[in-house]
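Please examine the sequence and the structure shown below. The paragraphs that follow begin with contacts and end with the packing of helices.

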Amino acid sequence: MEQPEQKIATQTELPKPAALQEPRPSAAAVSDTPGATVFDSKNVSIYYSSFRAVTDVSLSIYENEITAFIGPSGCGKTTVLRTLNRMNDLIPGARVEGDVHYRGESLYATGVSPISVRRRIGMVFQKPNPFPKSIYDNVAYGPRINGIRNKGKLDEIVEKSLRGAALWDEVKNRLNKSGLGLSGGQAQRLCIARTLAVEPDVVLMDEPCSALDPIATGAIEDLMHEIKSRYTIVIVTHNMQQATRVSDRTAFYSVLRDEKSDTRTGVLVEYGRTEQIFNDPQDERTKAYVTGRMG
């Protein structure tokens, strides 16, 4: 017999995902006052067995905004991103110290279901990874797993999700064709549609444009702007220009080097409005990075 899904919070009903709430003005149209706090991380350190990969990260991420994580390779950007939907749980020996709260509830509390977390907090990976299924079945996969079997309802979800990912007009006449036959940019938008199909609250993106050409990258960036009124987005990017184009807030991470043990630990250096981080950084390490003096 199928077991009922565990709730993310064991004591409190979660709010509806932002996509199911009334639309809000885009961040560009409102003041600097942030919306509701979606994630609140305090003194977070992340370990792989005895190795401390990231240390002492504290930041809040707000509703209906795009937050960018930038920094040099090895600084822990993706590692921190993966704590937000417990993807690091899949790595043997990984553990998180400190507090990570999602809408006021601890993501790492006893009894919290990682599967339920990932249904609310979806992820788009660096390399497009369509399933070896039809375009239709790629998008319908999540809803089917969640128990939806009605063909009419699935048709509605597939169209809505593909429209939400700005892909419907390009594929509506070939929904039964393999998702593996799409171009790189189309495949990444299919993966975004697959994520949107389960009506998440948050979309995490781990360098979603790194394998794409400039035209496909522009399409993904335009899409992020279009959907942020319904979702909260967190993106890891190596492209500083991309961070300035798409994000409302930016977190800059750097590396602490231990010369004796020859290890590198990621650290959050500075976090603020994107225009402040790039135009008026408060830390010399941030300034050196955004001006190109440090790679």
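Contact is used here for heavy atoms within 4.5 Å. With neighbours up to four places away in sequence not counted, Thr244 touches Thr274 and Phe278. This is a predicted model, in which local features need pLDDT of at least 70 and side-chain atom pairs count only at pLDDT 80 or more, whereas totals for chains, interfaces and linings use all residues. Residues are numbered from 1 along each chain as its sequence is written, and side-chain values use heavy atoms, with hydrogens and water left out.

The protein chain holds ten helices and ten strands. Helices (H or I, at least four residues) and strands (E, at least two) are DSSP runs, numbered from the N terminus. Of the 295 residues of the chain, 50% count as buried. Buried means under 20% relative accessible area, exposed means over 50%, and partly exposed lies in between (1.4 Å probe, protein chains only). Among contacts in the chain with a separation of 6 or more, 70% are accounted for by residues 24 or more positions apart.

Thr244 is found in helix α8 (residues 240–246), and Thr274 lies in helix α9 (residues 274–279). Is Thr274 buried or exposed? Thr274 is buried, with a relative accessible area of 4%. Thr244, in turn, counts as partly exposed because its relative accessibility is 42%. Leaving aside neighbours within four places in sequence, Thr274 is in contact with Ala243, Thr244, Ser247, Asp248, Arg249 and Thr250. Thr244 and Ile277 are 33 residues apart in sequence, and their C-alpha atoms are 9.5 Å apart in space.

Attention now turns to helix α6. Helix α6 spans residues 184–196, has 13 residues and reaches 18 Å from its first C-alpha to its last, close to the 18 Å expected at 1.5 Å a residue. The expected span is 1.5 Å times one less than the number of residues in the helix. How many of the 13 residues of α6 are buried? Twelve of them are, and the helix is thus mostly covered. The buried residues include Gly185, Gln188, Arg189, Ile192 and Leu196. Against which elements do the buried residues of α6 pack? They pack against β6 (121–124), α3 (135–145), α4 (151–164), α5 (168–171), β7 (202–206) and α7 (214–227).

Leu196 counts as buried because its relative accessibility is 5%. Leaving aside neighbours within four places in sequence, Leu196 is in contact with Ser161, Gly164, Ala165, Val203 and Tyr231. Leu196 and Arg119 are 77 residues apart in sequence and 10.0 Å apart in space, C-alpha to C-alpha.

The packing of helices comes next. Two packed helices are described by the angle between their axes and the distance between the axes. Axes are lines fitted to C-alpha atoms, for helices over the stretch in contact, and angles run from 0 to 180 degrees between N-to-C directions. The axes of α6 and α7 come within 9 Å and cross at roughly 25°. Angles under 35 degrees count as roughly parallel, over 145 as roughly antiparallel, 65 to 115 as roughly perpendicular and the rest as oblique; α6 and α7 are therefore roughly parallel to each other. In this contact, Gly185, Gln188, Arg189 and Ile192 in α6 meet Ala216, Ala219, Ile220 and Leu223 in α7. These residues divide into five nonpolar, two polar and one charged. Here Ala, Val, Leu, Ile, Met, Phe, Trp, Tyr, Cys and Pro count as nonpolar, Asp, Glu, Lys and Arg as charged, and the others, Gly among them, as polar.

Helix α6 also packs with α3, at an angle of about 30° and with the axes 7 Å apart. Ile135, Asn138 and Val139 in α3 meet Leu190, Ala193 and Arg194 in α6. The residues of this contact divide into four nonpolar, one polar and one charged.

Helix α3 packs with α4 at an angle of about 115°, with their axes 9 Å apart. The two helices α3 and α4 are therefore roughly perpendicular to each other. On the α3 side the contact involves Ile135, Tyr136, Val139, Ala140, Pro143 and Arg144, which meet Lys151, Leu154, Asp155, Ile157, Val158, Ser161 and Leu162 in α4. The residues of this contact divide into nine nonpolar, one polar and three charged.
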